[in-house]
Amino acid sequence: FTRKFGPAQSGGDFKRRTFEPQNLGDYVASVMNRCIVCKRCIRTCDEVVGEKALGVFDRGGRSFISTVDEQPLACVQCGNCIEVCPVGALLPKPERFTYRPWQVETTTSTCAFCPVGCAVSVWDKEGWPVRVNSGEPAGGAEWLCVKGRFGYGLVQRPERLSRPLVRKDGELVMASWDEALARAAEILKAGASSTQVLGGSHLTLEECLVLKNLACEVLKTPHLDSRTDRVWAGAASPLLQAAGNLEAMGKVSWLDAKAALVVGLDPKHEAPVIGMVLRQRAYARQTQVAVLAERTTIVHEVASVKETVGPGELKARLARLAEALENGNPDPVGDLLLKGERVVLVAGRRLGYGGASELARIYRLLASKGVTVGLAVTGGRSGSLGALACGILPGQGGRVLLRRRLVDLRGLIG
């Protein structure tokens, strides 16, 4: 009504508190004139994200939320403080003043920046994304990392291809889809069995299966590979083999586990949302967390059992844990997992092939003792695990296109 009829006369004739705008960085805009000092942003930053970047300054009616010396936010700038603010005192800076609420449509989607796959709510104006919020809690709790919340800008980058290109007279020119697909089919027919097929790192399971069918059934070529990190693939393969399939790996997740073992993972940089969820559930006494890592991480603060292992010692520590579970010997980590009933094993890219083999052994031992176990393999890209599960790997006599084989992946996955 104010926008339609203009501002009305205020009944309060008194001096209101006002604050000057603050520069909190590239992603968070501060409008402290709206703030009610509920401290939800501070608690989220402290307890969930673990950054402790925000605080209350001044006293009484002059209190306001800011950083030390009102400096730009020295944190990961995930923007979760924006989402929990009930009055709009903290706003997303990139999309500010770019749309009106009635100009946007909301679509539920899945974030593809990492293997976590958080549910997101995408706001689009005239077909272009202008804002991203967290989606339903079942898809990744109620939090997002900085990439998931602010990474949508790459969609409008001028470097992205928006039309098919076909090379004519030595130059790439725009073409229709029919022309581009006909040209591609012509080239593939000419190469046939000598064609090398390389899958991307963000393919869905359905796309992986279609790509494998194209390579193996249509082109009859053994030269099939995926854009997968060789170290990560060596760690993920034994775990995938132990679980048998992706559905079994997801039997228990970090969203509903009563106990979690975090191994070789730095959540802040590899899987921020997993770290946030485990911190939140640990504070609420819903999940007991055990951590085996080479250095302190954001989940150490809330972990019930935490051990620092030296470089190269992770495999030996997991082997001792497996022996304790097998023989019934006391072990602080093993005892915590056996009491959990619903357990998730969270593996990071520092696990390595040897450590992954021992973790797969632990998975089997826990399952044999009646514990419901799930596996969360992080460190790769959003489609890496799906590519391994679908067998996007070189066939008999096929050529490894991108990675030097740290292990023989073809022997680990049928």
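The following legends describe close-up views of side-chain contacts in a predicted model. Local features require pLDDT of at least 70 and side-chain atom pairs count only at pLDDT 80 or more, whereas totals for chains, interfaces and linings use all residues. Residues are numbered from 1 along each chain as its sequence is written, and side-chain values use heavy atoms, with hydrogens and water left out.

**View 1**
The structure contains 0 disulfides, a disulfide being a pair of cysteine sulfur atoms within 2.5 Å. For Cys118, the closest cysteine sulfur belongs to Cys111 and lies 6.1 Å away, which is too far for a bond. Cys216 likewise takes part in no disulfide, the nearest cysteine sulfur being that of Cys390, at 12 Å. Cys118 is buried at 5% relative accessibility, while Cys216 is partly exposed at 32%. Here buried means under 20% relative accessible area, exposed means over 50%, and partly exposed lies in between (1.4 Å probe, protein chains only).

**View 1. The salt bridge between Glu51 and Lys268.**
The whole structure holds 17 salt bridges, each defined by a side-chain nitrogen of Lys or Arg within 4 Å of a carboxyl oxygen of Asp or Glu. In one of them, Glu51 pairs with Lys268, and the closest N and O atoms are 3.3 Å apart. Helices (H or I, at least four residues) and strands (E, at least two) are DSSP runs, numbered from the N terminus. Glu51 is buried, at 17% relative accessibility, whereas Lys268 is partly exposed, at 32%.

**View 2. The salt bridge between Arg149 and Glu83.**
The closest N and O atoms of Arg149 and Glu83 are 2.6 Å apart in this salt bridge. The pair joins helix α4 (residues 146-150), which carries Arg149, to helix α3 (residues 80-84), which carries Glu83, across 66 residues of the chain. Arg149 is buried, with a relative accessible area of 3%; Glu83 is partly exposed, at 28%.

**View 3. A salt-bridge network of Lys52, Arg279 and Glu301.**
These residues, Lys52, Arg279 and Glu301, are linked in a network of salt bridges. Glu301 is in the loop between β14 (288-293) and β15 (305-308), and Arg279 is in helix α10 (residues 272-283), 22 residues apart. Glu301 is partly exposed, with a relative accessible area of 45%, while Arg279 is buried, at 1%.

A search of the whole structure finds 4 aromatic pairs. Rings of Phe, Tyr and Trp (its six-membered ring) pair if their centres lie within 6.5 Å; planes under 30 degrees apart count as stacked, over 60 as edge-to-face and the rest as tilted. The ring centres of Phe19 and Phe64 are 5.6 Å apart and their planes stand at 45°, so this pair is tilted. Because Phe19 lies in the loop between α1 (2-5) and β1 (22-23) and Phe64 in strand β4 (residues 64-66), the pair ties together parts that are 45 residues apart in sequence. Phe19 is buried, at 14% relative accessible area, and Phe64 is buried, at 13%. Phe19, Phe57 and Phe64 form one aromatic cluster.

**View 4. Arg131 over the face of Trp123.**
Arg131 is positioned over the face of Trp123, 4.9 Å from the ring centre. A charge sits over a ring if NZ of Lys or CZ of Arg is within 6 Å of the ring centre and within 35 degrees of the ring normal.
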